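Here is a short report on one chain. Look at the sequence and the model first, then read on.

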Amino acid sequence: MKKNITLLCFVFLISLFSFSTQAQRRKMNMADYEKRKMEYIRKEAGLTQEEAAKYFPLYNDLSKKKFELHKQHRDKVEMMKQRNKNMTDEEYRQLLENDVDLKLKEAELEKQYTEKLEKILSPEKLYRAQQAERKFMQQEVMKFRGN
């Protein structure tokens, strides 16, 4: 019996260590992901170092604001779902409206930042940077699915 308990504790500790290591790798990979994304966008859009130095702070600010919008949306949806497990049609309609509101707010942010970014980059380079971001994300998703 003591052997079984010891073995169970040992397996639990190894699992915990493995999970902790994976979580740490995930954090490190996120920083690596961002670095690779920025370099990819810079190359694909043909940004000079000076352009990149001006572009990426605004780009990162936009990304943070979009992330926060999505986080607020997720929190609101989760709260509604937890509050009522058997939601009514009206509550589902509210979720649909929230989805549309999120898309409108995100589009407004994109418009505001496009105006700011056009002061830094030519329309061609800005377009190429946006396309490079999409292409990079698609490639990363494909890599993730392949692994």
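F56 is buried, with a relative accessible area of 6%. The model is a predicted one, and F56 sits in helix α2. Which residues does F56 contact, leaving aside its neighbours within four places in sequence? They are M38, I41, R42 and L47. L117 lies 61 residues away from F56 in sequence, yet the two C-alpha atoms are 9.7 Å apart. L117 is itself one of the buried residues of α3.

Neighbours within four places in sequence aside, Y59 is in contact with K37, I41 and E133. E133 is among the buried residues of α4. Y59 and K116 are 57 residues apart in sequence, and their C-alpha atoms are 10.0 Å apart in space.

H73 belongs to α2 as well, a helix that runs over residues 49-83. Is H73 buried or exposed? H73 is buried, with a relative accessible area of 14%. Beyond its neighbours within four places in sequence, H73 is in contact with N98, D99 and L102. Of these, N98 and L102 are listed among the buried residues of α3.

| Residue | Relative accessible area | Contacts beyond four places in sequence |
|---|---|---|
| H73 | 14% | N98, D99, L102 |

**How α2 meets α3**

The axes of α2 and α3 come within 11 Å and cross at roughly 170°. That makes the two helices roughly antiparallel, because the angle is over 145 degrees. What kinds of residues make up the contact of α2 with α3? By class, there are eleven nonpolar, four polar and ten charged residues.

**Helix α3**

Helix α3 covers residues 89-117. At 1.5 Å a residue, its 29 residues should span 42 Å. What covers them? The cover includes α2 and α4.

**Helix α4**

Helix α4 takes in residues 123-146, 24 residues in total. From first C-alpha to last, α4 reaches 35 Å. That is close to the 34 Å expected at 1.5 Å a residue. Buried in α4 are K125, L126, A129, A132, E133, F136 and E140.

**The chain as a whole**

Step back to the overall architecture. The chain has four helices and zero strands. Along the sequence, the pattern reads α-α-α-α. Of the 147 residues, 23% are buried. The accessible surface of the chain comes to about 11,600 Å². Carbon and sulfur atoms account for 59% of that surface.

Technical notes. Residues are numbered from 1 along each chain as its sequence is written. This is a predicted model: local features need pLDDT of at least 70, side-chain atom pairs count only at pLDDT 80 or more; totals for chains, interfaces and linings use all residues. Side-chain values use heavy atoms; hydrogens and water are left out. The expected span of a helix is 1.5 Å times one less than its number of residues. Buried means under 20% relative accessible area, exposed over 50%, partly exposed in between (1.4 Å probe, protein chains only). Contact means heavy atoms within 4.5 Å. Accessible areas come from the Shrake-Rupley method with a 1.4 Å probe; for residues, only the protein chains shown count as cover. Axes are lines fitted to C-alpha atoms, for helices over the stretch in contact, and angles run from 0 to 180 degrees between N-to-C directions. Angles under 35 degrees count as roughly parallel, over 145 as roughly antiparallel, 65 to 115 as roughly perpendicular and the rest as oblique. Ala, Val, Leu, Ile, Met, Phe, Trp, Tyr, Cys and Pro count as nonpolar, Asp, Glu, Lys and Arg as charged, and the others, Gly among them, as polar.
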